[in-house]
Amino acid sequence: MAQPRPATSLPFTLTPPYCWEKSLYALVKPVVTPRFALSCTTKLLDHLGEIAKNNDLHIQSHISETKAEVNLVHELFPDYKSYTDVYLKHNLLTNKALQRHAGRPQGPEA
């Protein structure tokens, strides 16, 4: 698995969303999209949560697609209660968030 590089992706990520909203397409809006928790560091998740919160943006990501993914999230994020908790603690689980492919919810997530 490729390691994320927050130092190289954050400057592009932090481009002000208002620039995107003034595009030629009135129905196109920016969406914060951490591919899934395993593709991000906690620092990147923090920054993405701040961007979404500070700019009132929608969020889309993937969660609990396979048992192996869920197990790896528990391994890589041992201080979190669940996969959902990873997104929750980084302000990425809000009323503007969409989580796709939740095929393996566990515990209170089920």
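Which exposed residues does the face of H3 turned away from its buried side carry? They're Lys43, Lys53 and Asn54, where exposed means over 50% relative accessible area, buried under 20%, and partly exposed in between, with a 1.4 Å probe and protein chains only.

Quick housekeeping. This is a predicted model, where local features need pLDDT of at least 70, side-chain atom pairs count only at pLDDT 80 or more, and totals for chains, interfaces and linings use all residues. Residues are numbered from 1 along each chain as its sequence is written, and side-chain values use heavy atoms, leaving out hydrogens and water.

Okay, back to helix H3, residues 42–55. Helices here are DSSP runs of H or I with at least four residues, strands are E runs of at least two, and both are numbered from the N terminus. The buried residues in H3 are Leu44, Leu45, Leu48, Gly49, Ile51 and Ala52. Down the axis of H3, those buried residues fall within an arc of 160°, so they line one face; the arc is taken over directions from the helix axis to the C-beta atoms. Just after H3, Asp56 has a positive phi of about 50°.

Now the sheet. It's open, with three strands ordered E1-E2-E3 and parallel pairing, where a pair needs at least two DSSP bridges between the strands. E1 (31–32) and E3 are the edge strands, each pairing on one side only. Val32 sits opposite Ile59 in E2.

Last stop, Thr94, in the loop between helix H5 (83–89) and strand E3 (97–100). Thr94 is partly exposed, at 35% relative accessible area. Thr94 and Lys53 are 41 residues apart in sequence, yet 9.1 Å apart in space, C-alpha to C-alpha.

Conventions:
Expected span 1.5 Å × (residues − 1).
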